[in-house]
Amino acid sequence: VVAGCGLTAADDKKDEKFDAAKLVGRWEPKEPKKGEEFVLEFTKDGKVTVKGTLDGKPQTLEGVYKLDGDKLTFEVKAPGEVIKETIALTKLTDDEFEGKDKEGKVEALKRVKPKPEK
């Protein structure tokens, strides 16, 4: 019985690999590619908003997300389609967010700092 309890506690730790509270906020690409301007905003109630420019036009997409262990899944409604993505997080700190998509491409984001008021 003791061994079983120890195993359960270890499993619980594994599932809590990343603190979802650190995800809440606004994020932008660490090294944006030309034409790749967007901001992701995660809220504490499981919603995500993507604001950016696509083909020179401002776009806002909304959806939901869930963080389970190191798996960040989100579903965003775009015109004419629903985009579903799962990212395996490799890093989540107060200022940095990194993960790999299903093709193994690394996504690196940094927290958007509030602009100082003048």
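Predicted model: local features only at pLDDT ≥ 70, side-chain atom pairs only at ≥ 80, totals over all residues.
**Entry 1: T60**

I started with T60, which touches T49, V50 and K51 once residues up to four places away in sequence are left out; contact here means heavy atoms within 4.5 Å. T60 lies in strand 4. I took helices (H or I, at least four residues) and strands (E, at least two) as DSSP runs, numbered from the N terminus. Is T60 buried, partly exposed or exposed? T60 counts as partly exposed, because its relative accessibility is 48%. My classes are buried for under 20% relative accessible area, exposed for over 50% and partly exposed in between, with a 1.4 Å probe and protein chains only.

**Entry 2: ground rules**

Residues are numbered from 1 along each chain as its sequence is written, and side-chain values use heavy atoms, with hydrogens and water left out.

**Entry 3: the whole chain**

I then looked at the protein chain, which has two helices and eight strands. Along the sequence I read the pattern α-α-β-β-β-β-β-β-β-β. Of its 118 residues, 26% are buried. I also looked up contacts between residues at least 6 apart in sequence, and 30% of these join residues at least 24 apart. The chain exposes about 8,700 Å², with 53% of it supplied by carbon and sulfur atoms. Those areas come from the Shrake-Rupley method with a 1.4 Å probe; for residues, only the protein chains shown count as cover.

**Entry 4: the core**

Which residues touch the most other members of the largest nonpolar core? I found F42, L72, L89 and F97, in a core of 19 residues. Strands 2, 3, 4, 5 and 6 each supply at least two residues of this core, and strand 5 gives the most, four residues. Such a core is a set of buried Ala, Val, Leu, Ile, Met, Phe, Trp, Tyr and Cys residues joined through side-chain atoms within 4.5 Å.

Next I checked the largest pocket, which holds about 780 Å³ of space. It has 27 lining residues, and F38, L40, V50, L61 and I83 are the closest to its centre. Strand 3 (47-54) is among the elements that give two or more residues to the lining, and its five residues are the largest share. For the search, a pocket is an open set of points on a 1 Å grid over the protein atoms alone, where a 1.4 Å probe fits, with protein on both sides within 12 Å along at least five of seven lines; lining residues have an atom within 4 Å of a point.

P58 is in strand 4 and is exposed, with a relative accessible area of 72%. Leaving out neighbours within four places in sequence, P58 is in contact with G52 and T53. P58 and F38 are 20 residues apart in sequence, and their C-alpha atoms are 9.5 Å apart. K113 sits in the segment after strand 8 and is exposed at 54% relative accessible area. Its C-alpha is 10.0 Å from that of E28, 85 residues away along the chain.

Key:
Points joined across faces, edges and corners; volume = space filled by probe spheres on them.
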